[in-house]
Amino acid sequence: MFEWIKALHVISVIAWMAGLLYLPRLFVYHADTEPGSEASETFKVMERRLYRFIMLPAMLAAWGFGLVLAWLAAVWTDGWFIAKFVLVLAMSAYNDFCGRWLREFAADQRKRRARFYRFVNEIPTLIMIGAVILVIVRPF
Ligand code: HEM
């Protein structure tokens, strides 16, 4: 039972990560399109579907299965889990920022340059590296 929930947790984390890495990449190219152009309208559809139908369900599933695992394994006070929890809160905040940037593009706003999205695109990778090392190596 525990292993099945852990497998579902890792599957939903992978789906969530795929969206967190792909959506800012779409923003990089969207930032260089003309508001109202055919390319911009296509990006809006891709971004909305990715965020609403993949990232949000995957994030909720990762949280749901993760919290059940934490409860079953009673790891609430373990140092590695507390540190991982802080990282995952940061990843969830990043997911929320992606939603804000998506809404700006949907309103044909161009508040930031492509370079900004290229830079922030690295953040989920760094958080993922920390989370995986903490949960598998458990350094503290
Ligand atoms: C969303 C909130 C999350 C919670 C509450 C959570 C909690 C947990 C817990 C309690 C376990 C089981 C540890 C054990 O075997 O005793 C686990 C496993 C795991 N988590 Fe998470 N996690 C979350 C998000 C993430 C994220 C964002 C990542 C990676 C980016 C991640 C990667 C993993 C991996 C790879 C395992 C399997 C480790 C193993 O096989 O030993 N988790 N998680």
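Mentor: A polar side-chain atom of Lys-6 lies 3.0 Å from an oxygen atom of the ligand, in what is termed a polar contact (a pair of N or O atoms within 3.5 Å; within protein, one must be able to donate a hydrogen and the other to accept it, and residues adjacent in sequence count only if both atoms are side-chain atoms). Before going on, note that this is a predicted model, in which local features need pLDDT of at least 70 and side-chain atom pairs count only at pLDDT 80 or more, while totals for chains, interfaces and linings use all residues. Residues are numbered from 1 along each chain as its sequence is written, and side-chain values use heavy atoms, with hydrogens and water left out.

Lys-6, His-9 and Lys-84, together with Val-88 and Arg-138, come nearest among the 23 residues around the ligand, a residue being counted when one of its heavy atoms lies within 4 Å.

His-9 belongs to H1, whereas Lys-84 and Val-88 belong to H3, and these three also take part in the contact between the two helices. Helices are DSSP runs of H or I with at least four residues, and strands are runs of E with at least two, numbered from the N terminus. H1 (residues 2–30) packs against H3 (residues 79–106) at an angle of about 40°, their axes being 11 Å apart; H1 is therefore oblique to H3. Here the axes are lines fitted to C-alpha atoms over the stretch in contact, and angles run from 0 to 180 degrees between N-to-C directions; under 35 degrees counts as roughly parallel, over 145 as roughly antiparallel, 65 to 115 as roughly perpendicular, and the rest as oblique. Trp-16 and Phe-27 are among the other H1 residues that meet H3, where the partners include Met-91 and Trp-101, contact meaning heavy atoms within 4.5 Å. The residues of this contact of H1 with H3 divide into 13 nonpolar, four polar and one charged, with Ala, Val, Leu, Ile, Met, Phe, Trp, Tyr, Cys and Pro taken as nonpolar, Asp, Glu, Lys and Arg as charged, and the others, Gly among them, as polar.

H3 also packs against H2 (residues 38–73), the axes coming within 11 Å and crossing at roughly 160°, so H2 and H3 are roughly antiparallel to each other. Leaving aside its neighbours within four places in sequence, Trp-63 is in contact with Trp-16, Phe-85, Val-88, Leu-89 and Ser-92, and its C-alpha atom is 8.9 Å from that of Val-13, 50 residues apart along the chain.

H1 has another partner in H5 (residues 123–137), with axes that come within 9 Å and cross at roughly 150°. Met-17, Leu-20 and Leu-21 of H1 make this contact with Pro-124, Thr-125 and Met-128 of H5. The chain as a whole has five helices and zero strands, and its C-alpha trace spans about 50 × 25 × 15 Å along its principal axes.
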